[in-house]
Amino acid sequence: MFPFFFIAMLAETSRKPFDFPETENELVAGFQTEYGSIKFALYYMTEYLHILGACGVAVTLFFGGWRGPFVDQVPILGPVYFVGKVLALVFMFIWASASVPRPRYDQLLRFCWTFLFPLSLIFMAITAVGVVLLPQ
């Protein structure tokens with residue numbers, strides 16, 4: 001389920017290919033024409049804080065959060081592992097936005113409704129069956 005969650009995080013944080021309201025090639029400069037200096041900096045900082053929060057949730061749900069080798073012996077390693085995992089996921093965000101082209105609206109909607117939505121329902125059903133049938 002992580003790939004679907006990652007795609008949903010890209011959409012929630014308005015990263016490529018889901019940044020249609022602020023596409024660089026279709027606008028003069030978008031929000032850059034309205035905000036200057038500190039307002040612009042605060043705007044970008046809130047976008048990246050949103051990414052850090054989404055990555056923190058993903059690390060907690062899918063990658064074990066603070067758990068890692070030798071955390072029982074050296075407890076300070078827990079936050080170090082958590083921050084390292086979050087930074088690795090932020091790198092994946094930047095990598096995905098730099099390497100994925102921006103599709104048209106109709107292409108993106110077709111991909112989401114004909115591929116992602118049915119496949120995520122199948123994975124959800126498999127997970128529900130696994131939770132009910134497999135012992136803890």
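Residues are numbered from 1 along each chain as its sequence is written, and side-chain values use heavy atoms, with hydrogens and water left out. Because the model is predicted, local features need pLDDT of at least 70 and side-chain atom pairs count only at pLDDT 80 or more, whereas totals for chains, interfaces and linings use all residues.

The protein contains four helices and zero strands. Helices (H or I, at least four residues) and strands (E, at least two) are DSSP runs, numbered from the N terminus. Along the sequence the pattern reads α-α-α-α. Of the 136 residues, 24% are buried; buried means under 20% relative accessible area, exposed over 50%, and partly exposed in between, with a 1.4 Å probe and protein chains only. Contacts (heavy atoms within 4.5 Å) were also sorted by sequence separation. Among those between residues at least 6 apart in sequence, 69% join residues at least 24 apart.

Two packed helices are described by the angle between their axes and the distance between the axes. Helix α2 spans residues 38–62 and helix α3 residues 77–99. Their axes come within 9 Å and cross at roughly 120°. This angle makes α2 oblique to α3. The residues in contact are I51, L52, C55, G56, A58, V59 and T60 of α2 and F82, K85, V86, L89, V90 and F93 of α3. They divide into 10 nonpolar, two polar and one charged. Here Ala, Val, Leu, Ile, Met, Phe, Trp, Tyr, Cys and Pro count as nonpolar, Asp, Glu, Lys and Arg as charged, and the others, Gly among them, as polar. The crossing of α2 and α3 is right-handed. Axes are lines fitted to C-alpha atoms, for helices over the stretch in contact, and angles run from 0 to 180 degrees between N-to-C directions. Angles under 35 degrees are roughly parallel, over 145 roughly antiparallel, 65 to 115 roughly perpendicular and the rest oblique. A crossing is right-handed if the near helix is turned clockwise from the far one by less than a right angle, and left-handed if anticlockwise.

Side chains of opposite charge can pair when their charged atoms come close. A salt bridge is a side-chain nitrogen of Lys or Arg within 4 Å of a carboxyl oxygen of Asp or Glu. The count is two salt bridges. D106 pairs with R104, with the closest N and O atoms 3.0 Å apart. D106 also meets R110 at 3.9 Å, N to O. D106 and R110 lie four residues apart in helix α4 (residues 105–133), so about one helical turn separates them. D106 is partly exposed, at 35% relative accessibility. R110 is partly exposed too, at 49%.
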